[in-house]
Amino acid sequence: MTLNPWRLRLLSQLDALGTVRAVAQAANLSASSVSQQLAVLESETRTQLLERTGRRVRLTSAGLILARRARSILDQMDAVEAELRGLNEEPSGRVRLGAFQSSIHMLVVPALQRLDHPHLQVELVELEPHASMPALLAGEVDVIITTTDFVELPVPQDIDVVPLTTDPIVLLSPPGQPKTDLQACKDEPWAFDIPGSYMANLATRLCRQAGFEPRVVGRFSNYMLTLKHVEAGLAVAVLPALAVDPRFDVARKELPVTRRITAAVRRDSRAAITVVLDALHTRSQSDER
């Protein structure tokens, strides 16, 4: 029995993403092509890997075992290939880096500017914490910048986490109308991130801890839009300090809350990924000094 790495990757993505349609979108294939390749994998393994539940398919127990072992197998294959290519050579190849919006300008871009490896290509993708960990697990990215404070999405055991820095959470209010704490905002309109995101969940939790349910009048995945909304006097908001662009005229009050910013990689990552990880760590340490 010979297992095809490409089909193993599709199976691993099905475990991470949940549906054949999502796997097809990630792999730039049609859903029928994905289904056909998974059927071939079943024939190759002589094992039932999928079972139908209504219109959807889900992994059998054997399918789950193979999908999760496949992730480790594929990472090891990537690492071996990179080592063979990199013998007595500079780090090379493509590293896909997923980072949340507020970290890109202050942390990621300066770190990448310091890389001096002409054969190393870093592909940067904006991914918020609620999307970046699933993307890492599915093999869609190689490194992510995230936060371990996202309690709704704990870090899996097969992921290595590297602490980078901390970032205070700030309360934002319109210019000339500074708020001293969350309790002072209980009757104010609020601007939130999109539902299910790290910042939306955090803001909701902080408001409830302060004893009120926020009245949300706007939701924006782009922090610039949130800042503009606050600057216009239309809402108050809670954002990470890294996200607050000084070009916007808003009142800010630091809250007694911080988020821990970390990098995360799958275990047994190849050398090129380690180079990018080291650059991110060096940049974060220079900021703290």
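**Group meeting: a walk through a predicted model**

Let me start with Arg46. At 78% relative accessibility, Arg46 is exposed. Arg46 sits in the loop between α3 and β1 (50–53). Its phi is near 55°, a positive value in a residue other than glycine. Why mention that? Most residues other than glycine have a negative phi.

Before going on, one caution. This is a predicted model. The mean pLDDT of the protein chain is 88. Of its residues, 93% reach 70 or more. Which elements mark the two ends of the confidence range? Helix α4, residues 61–86, has the lowest mean pLDDT, at 81. Strand β7, residues 189–192, has the highest, at 97.

Now the overall picture. The protein chain has 289 residues, and 46% of them count as buried. It holds 9 helices and 10 strands. Its C-alpha atoms fill a box of roughly 70 × 55 × 30 Å, taken along the principal axes. Look next at contacts between residues at least 6 apart in sequence. Of these, 73% join residues at least 24 apart.

Back to the loops. Asn28 is found in the loop between α2 (20–27) and α3. Asn28 is not a glycine, yet it has a positive phi of about 55°. Is Asn28 buried or exposed? Asn28 is exposed, with a relative accessible area of 72%.

Take α2 against α3 to begin with. Their axes come within 8 Å and cross at roughly 105°. So α2 and α3 are roughly perpendicular to each other. Which residues meet there? From α2 come Val20, Val23 and Ala24, and from α3 come Ala31, Val34 and Ser35. The residues of this contact divide into 5 nonpolar, 1 polar and no charged.

Next, α1 against α3. The crossing of α1 past α3 is left-handed. On the α1 side, the contact is made by Trp6, Arg7, Leu8, Leu10, Leu11 and Leu14. On the α3 side, it is made by Gln37, Leu38, Val40, Leu41 and Glu44. How do these residues divide by type? There are 8 nonpolar, 1 polar and 2 charged.

A general point on helices. An α-helix has 3.6 residues a turn, so residues three or four places apart point the same way. Keep that in mind for helix α6, residues 129–137. The buried residues of α6 are Pro129, Ser132, Met133, Ala135, Leu136 and Leu137. After α6 comes Gly139, with a positive phi near 80°.

Now strand β6, residues 159–173. Leu172 lies in β6. How accessible is Leu172? Leu172 is buried, with a relative accessible area of 0%. Leave aside its neighbours within four places in sequence. Leu172 is then in contact with Leu227, Val230, Val236, Ala237, Leu239, Val244, Val250, Ala251 and Arg252. What about Arg260? Leu172 and Arg260 are 88 residues apart in sequence and 20 Å apart in space, C-alpha to C-alpha.

The other residue is Val161, which is also placed in β6. Val161 is partly exposed, with a relative accessible area of 34%. Setting aside neighbours within four places in sequence, Val161 is in contact with Thr148, Val155, Thr262, Ala263 and Ala264. How far apart are the C-alpha atoms of Val161 and Arg267? They are separated by 9.6 Å, and the two residues are 106 residues apart along the chain.

Last stop: His229. His229 is placed in helix α8, residues 223–231. Is His229 buried or exposed? His229 is buried, with a relative accessible area of 18%. Buried here means under 20%. What does His229 touch? Not counting residues up to four places away in sequence, His229 touches Ala191, Val217, Phe220, Leu234 and Ala235.

Asn28 and Arg46 are exposed. Leu172 and His229 are buried. Thanks, and over to the group.

Terms used
Residues are numbered from 1 along each chain as its sequence is written. This is a predicted model: local features need pLDDT of at least 70, side-chain atom pairs count only at pLDDT 80 or more; totals for chains, interfaces and linings use all residues. Side-chain values use heavy atoms; hydrogens and water are left out. A crossing is left-handed if the near helix is turned anticlockwise from the far one by less than a right angle, and right-handed if clockwise. Helices (H or I, at least four residues) and strands (E, at least two) are DSSP runs, numbered from the N terminus. Contact means heavy atoms within 4.5 Å. Ala, Val, Leu, Ile, Met, Phe, Trp, Tyr, Cys and Pro count as nonpolar, Asp, Glu, Lys and Arg as charged, and the others, Gly among them, as polar. pLDDT is the predictor's confidence in each residue, from 0 to 100. Buried means under 20% relative accessible area, exposed over 50%, partly exposed in between (1.4 Å probe, protein chains only). Axes are lines fitted to C-alpha atoms, for helices over the stretch in contact, and angles run from 0 to 180 degrees between N-to-C directions. Angles under 35 degrees count as roughly parallel, over 145 as roughly antiparallel, 65 to 115 as roughly perpendicular and the rest as oblique.
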